Amino acid sequence: MDSTHDYALILAGGSGTRFWPLSRNSTPKQLLHLIGDQTLLQQAVTRLQGLVPTDHIFVLTSALQIDEVRKQIPGIPSTQIIAEPCRRDTAPAIALGASLIAARDPEANMMVLPSDQLIQDIASFQSLMRDALAIASRETALITMGIKPTWPCPSYGYIEMGDIVPGTTHTCRLVQQFREKPDSATAATYLAHGGFCWNAGIFVWSLNALRQELAVHCPQLAQFLATLASSDCPYVAIQEQFPQLTPISIDFALMEKAERVLVFEATFDWDDVGSWISASAYFTQSGGNAVNTPIVAQNSYNNIVFTTTRGKTVALLGVDDLIIVDTQDALLVATKNQADAIKSIVKQLPENLL
């Protein structure tokens, strides 16, 4: 398949709350060395090697994070790593990225990829994305990726899938409906039904399809995209116009309203690594504890221990189900059942620890 017109937009903003004290506002999850030798952002860029050229990759981040982002991915031209002037959620961010791609290639097809997800089966990922890009190049449709649910998670959005779309290598279906984050009981009914998948927040479409849908459902964003794509000074226009955009997610703004939306059932592994608990599945297992450092444990089980001090030994005595995270300037000790509340305690911290 000719990939001349294929581009990727990586969304690399966000705040550092769930992984505090390791994560901070300037170094959120995707910029941390949590799993493997590369950060999640570096892994996201690596997954694109051989799929699109390096000069077809654009990265959106924040002013607080842009220096670290550029440091971590020096192979991406600095002009293609852009800081949003302020937070405006995913729809304005995607319109901003699309406008920069449109200025380069008005006939482009583009992937939108979160930077904070773990996908290790690169071959399967690329195979599926090539299939999606092929569909995007010949159909006026918005395409998303769905993940087969493994448990009734109330923290994810769901997609209700319809009929199979012919002419694809991988299974592709019409989207019947997007379902917002359900309660646990409702999520259980989705799993029992079998026709639902998790919404991975990975999208593929042609710029032509995106423009058409924005013109109908988001005229403000359609105008913003058109103005920036034709501007002689797009980075000046970004600073002036982006803060005026209404904050809204791409799901609410477009995906739930678009005329034709397709979903591919992902064949690759996927983990959004949303908390210390989910990240710990990739740590070293030692005596029933998940660790990244040497430990001595007595009558202590099911703990998570993470330290930034190389070679530091942590002793555990008679403690179970704890999250212990040690950094140079802060220490977190929490019970596992409070993992999702870490972001709330961050609000009480002094400015120098954010």
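Biologist: Why is Glu139 called partly exposed?

Modeller: Glu139 has a relative accessible area of 22%. Buried means under 20%, exposed over 50%, and partly exposed in between, with a 1.4 Å probe and protein chains only. So Glu139, at 22%, is partly exposed. Before we go on, this is a predicted model, in which local features need pLDDT of at least 70 and side-chain atom pairs pLDDT 80 or more, while totals for chains, interfaces and linings use all residues. Residues are numbered from 1 along each chain as its sequence is written, and side-chain values use heavy atoms, leaving out hydrogens and water.

Biologist: Thanks! What makes Glu139 and Arg260 a salt bridge?

Modeller: A salt bridge is a side-chain nitrogen of Lys or Arg within 4 Å of a carboxyl oxygen of Asp or Glu. For Glu139 and Arg260 the N to O value is 2.9 Å, so the pair is a salt bridge. Glu139 sits in the loop between H4 and strand E5 (142-147), and Arg260 in the loop between helix H9 (250-255) and strand E9 (261-265), so the pair ties together parts 121 residues apart in sequence. Those helices (H or I, at least four residues) and strands (E, at least two) are DSSP runs, numbered from the N terminus. Arg260 is partly exposed too, at 30%.

Biologist: Which side chain meets Asp329 in a salt bridge?

Modeller: That is Arg24, at 2.8 Å, N to O. The two are 305 residues apart: Arg24 is in the loop between strand E1 (6-11) and helix H1 (40-46), Asp329 in the loop between strand E15 (322-326) and E16. Arg24 is buried, at 10%, whereas Asp329 is partly exposed, at 43%. The structure holds 7 salt bridges.

Biologist: Why is the pair of Trp276 and Phe306 called tilted?

Modeller: Rings of Phe, Tyr and Trp (its six-membered ring) pair if their centres lie within 6.5 Å; planes under 30 degrees apart count as stacked, over 60 as edge-to-face, and the rest as tilted. Trp276 and Phe306 are 5.3 Å centre to centre with 50° between the planes, so they make a tilted pair. Trp276 is in helix H10 (residues 276-279) and Phe306 in strand E13. Trp276 is buried, with a relative accessible area of 1%, and Phe306 is buried at 6%.

Biologist: What makes the pair of Phe283 and Phe306 tilted?

Modeller: Their ring centres are 5.6 Å apart and the planes stand at 45°, so this pair is tilted. Phe19, Trp276, Phe283 and Phe306 form one aromatic cluster.

Biologist: In what order do the 5 strands of the open sheet run?

Modeller: The order is E10-E11-E13-E15-E16, with mixed pairing. Strand E10 (284-286) and strand E16 (331-335) are at the edges, each with a single partner strand, so one side of each has no neighbour in the sheet.

Biologist: How do you know that E10 and E11 pair?

Modeller: Two strands pair if DSSP finds at least two bridges between them. E10 and strand E11 (residues 289-291) are joined by 3 bridges, so they pair, and they run antiparallel. One of these links is between Gln285 and its bridge partner in E11, Ala290.
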